[in-house]
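Thanks for coming. I have a few minutes on one structure, so let me put it on the screen.

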Amino acid sequence: MTAEHQRLSVNAKKPIPLEQWGPYLSERQWGTVREDYGPHGDAWNYFPHHHAPSRAYRWGEDGLGGITDYFQNLCFAVALWNGKDPILKERLFGLGNSEGNHGEDVKELYYYLDNVPTHYYMEYLYKYPQQAFPYKQLVETNRHRSKLQPEFEILDTGVFDNNEYFDVKITYAKQSAQDIFIKIDVTNRYHLPAPITLLPTLWFYNRWKNGNDEKKGNIAPATKHSVRAEQERLGKYYFHFQKPDDELYTDNETNKQKIMGIPNETPFVKDAFHSAIITGEHIEELRERKSGTKFSPVYHLNIKGGATKTIYCRLSNKSYENAFGVGFEKVFEQRKKQADDFYGSFLHPETHPDLLNIQRQAFAGLLWSKQYYHYDVERWLKTSDGITPANEGKKNGRNKDWKHLKNQDIILMPDKWEYPWYAAWDLAFHCIPMAMIDPTFAKHQLILIMREWYMKPDGQLPAYEWNFGDVNPPVHAWAALQVYKIEKEATGKGDLTFLKRIFQKLIINFTWWINRKDENGNNMFQGGFLGLDNIGVFDRSYGVGANMHLEQADGTSWMGKYALNMMDIALEISMYDPAFEDTATKFFEHFVLIAEAINEQLLWNAEDKFFYDSLSIKGGANIPLKIHSIVGLIPILAVSVIGKSTLTKLTDFKKRISWFEQYRKKNNRFWPNEERSDSDKILLSLVPKDKLIALLKRMLNEEEFLSEGGVRALSKYHEQHPYSVNIDGKHYDIAYDPGDSTSNLFGGNSNWRGPVWLPINYLIIRSIRKYASFYEDTLLIECPTNSGNMMTLEQVADELTLRVISLFQKDESGNRRSNAEYNPFYRHKENEDLVLFYEYFNGDTGKGLGASHQTGWTAVVADLINQMNRKKEKPVKTPIVFEDED
């Protein structure tokens, strides 16, 4: 075991498998639902970015490259000033939903370079312009662009031209769990000297104004170059720092004059450091105060061109006379080596260095995306934020039916700026790469969202804070089984206790789906948008009329997959505990009924050989919505392979399915099983072999779904053949849209009408590998379609995997497809290994789009690389080689 594995083994025995200190600080608290106390549910405009420096938050904190304890009592982050900006750079800047031509978007350059599960070593890089930060230019230019134009990014502004910027690298290395060494390296990338002011800032989360009756913490001098931070809940911590140019104290309190027009009682407000540094206002008072809830030493640096200056800090539960003595720097070296040893213990040694770097940064981003999330819906609905009184609009508005939801946990976020709130189905995907590095925490996350302070009493899982009642695809049973298998393969032992715990909760959720989303009781399911935002010709969450009913191919398919996943979990448990055997039978039989419905009712179009949603009009016709989208490919995902050895051991299960098969075949009813006389496996799938072949033919057609970077969400066929339908006199249409969304559906900040999305590609690849394990060499598919190149299903899965990985890889010119027109910047030596993990990718070019730090579900690329590397350990028909040709 590496040192990191040893620390993880200790954490695994804790009730909550977490380190007390980690990167749990959000990157955006403003503009969130939690901070919106207005009557109209307009979170972006109620608490905009320009309020953030001056207005105390109610439900959390944010900062730049920061850390906090797991109850967010005390926070640390870095603030910067280039001598030209009107505000300190305390947090990342981005556009609110109404400001961007494609919705909200962060407009900064920052990178998660490294991290380990216990956070004993972490690296974060921020690029800060030396010219004035182009706040106004970014807002105005994007506001005046149409949805048909690309977003105006910070690299388009020119402030990074000629390398006129600073690299600010923040490195954390823990000496022990409560002793954190901090190194801040500021590098001038320009060729001329440039000034920068650095404020390593320590502050308390303002709980004392939130009606919790909590005592106010206090920061006060301890020694000449240290302060003591003391709070009832946290205890005492000491913040050591090298000799500064100044020391400032204030309070984390709202500047009422600036926000509300009410005179402040004192100058010690949240944004006091801004005015003190920039204009000198109240600077003497801040120097002399010597106590407060927010503190910073101040360093005025002038850095020569190409040079680096380093500032050290230390946050510890003990006070030290010589906090930066001999051996201080070696702790960083030691923790870095331990991080290398940890990843070297399971990442394939023959992996190409660029791919290893992609994996390492995917894991780093995943770990940096842990965030303290605090939201008590009942208290939020009833209370005021001290600015807007409690009001009927809020009480009867968003999330009013979720009063039971009381969250205060560390949760994996999709993206700590764009999505600083958990999303149910995103979290399921996060847990796959997390299981590769910290299976205990992955299991904890899946169990957490099933707990009674998350799951509604009726069994519904919370979708996301913008509308907890929205419905996401039910992928948690699949994720739980994957996490179980990943850990079992790595350790040789499966965690049956985890599997049993989550299985019981999943039964409740499965029952909710059956009772609430099968409106006609015909085993065809709805669910609305189901995480696919604008995939439909209209908003599927609201439909088009009271006399109409939408039967969804994807909703039905997700439920078929859910039933199979539950059956597979029950079968795995039954191998050790026979009490679960009849439960496996129950989910098997439910799967059969769903398979019958999707194949023999309205959703399969025999002429087009594709699955479509069907709009049923009361007393009238059924209208198939003939859209070639992943909605029609999702049935492929519902597949399971059962070994006959399992059936031999589970005699009751075998007896029951044998009787059920005979009964249904005798009565000419649909039967989804397939067996091969020369195989010891049984295939269960929503898609019979002939339909699988037809769907793969369309999916692998480069003129339809298959792009150089993977499977598109909408077929390119609709580029020349848009689909339109007239319903009750209203016209709806949809066309291939490979880049940013040109639709306003779901805020317009994401697009499922043509781009490549990693979670769906990951599921498709996994499913095809499962089909391959059954068909082996007996089924060949042309890939790409019309190429004349025949492949086994395993080879098809390999091809799709390589295409997805290629989005992130450097080509022979040093370009990454995802960087698109910004590749010249990323070819600079200091930037060539920086990787971003976008939310989705242009269906034609592979350009990264949407959230830029979606690690998050885009981190599944780490497992895709791992899958290909493992093939090197056993012979394959078509060797996959990652090394350069030379």
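**Rings and helix pairs**

I'll start with the aromatic side chains. F76, Y110, Y112, Y124, Y172, F239, F241, Y249, F295 and W368 are joined by ring pairs into a cluster. Bear in mind that this is a predicted model. The count of aromatic pairs comes to 78.

R314 lies over the face of Y320, 3.9 Å from the ring centre. The other case is R676, whose charged end sits over the ring of F774 at 5.9 Å from its centre.

Now the helices. Take α15, residues 553-574, and α16, residues 581-600: their axes come within 8 Å and cross at roughly 160°. The two are therefore roughly antiparallel to each other, and α15 passes α16 in a left-handed crossing. Which residues of α16 meet α15? They are E581, T583, A584, F587, F588, F591, I594 and I598. From α15 the contact takes in A553, T556, S557, M559, G560, A563, L564, M566, M567, A570, L571 and S574. By class, the residues of this contact of α15 with α16 divide into 14 nonpolar, 5 polar and 1 charged.

Staying with α16, its next partner is α18, residues 651-666. Here the axes of α16 and α18 come within 9 Å and cross at roughly 25°. Angles under 35 degrees count as roughly parallel, and α16 and α18 are therefore roughly parallel to each other. The crossing of α16 past α18 is right-handed. On the α16 side we have E581, A584, T585, F588, E589, V592, L593 and E596, which meet T651, D652, F653, R656, I657, F660 and R664 in α18. That contact of α16 with α18 has 7 nonpolar, 2 polar and 6 charged residues.

One last pair. Helix α12, residues 439-448, packs with helix α13, residues 476-491, at an angle of about 160°, the axes being 10 Å apart. That makes α12 roughly antiparallel to α13. Is the crossing of α12 past α13 left-handed or right-handed? It is left-handed. P439, A442, K443 and L446 of α12 meet H476, A479, A480, V483 and E487 of α13. The contact of α12 with α13 divides into 6 nonpolar, 1 polar and 2 charged residues.

That's what I have; I'll take questions.

Key:
Residues numbered from 1 in each chain as written. Predicted model: local features only at pLDDT ≥ 70, side-chain atom pairs only at ≥ 80, totals over all residues. Heavy atoms only, no water. Axes fitted to C-alpha atoms, helices over the stretch in contact; angles between N-to-C directions. Helix = DSSP H or I, 4+ residues; strand = E, 2+ residues; numbered from the N terminus. Parallel < 35°, antiparallel > 145°, perpendicular 65-115°, else oblique. Left-handed = near helix turned anticlockwise from the far one by under 90°. Contact = heavy atoms within 4.5 Å. Nonpolar A, V, L, I, M, F, W, Y, C, P; charged D, E, K, R; others polar. Phe/Tyr/Trp six-rings, centres within 6.5 Å; stacked < 30°, edge-to-face > 60°. Lys NZ or Arg CZ within 6 Å of the ring centre and 35° of its normal.
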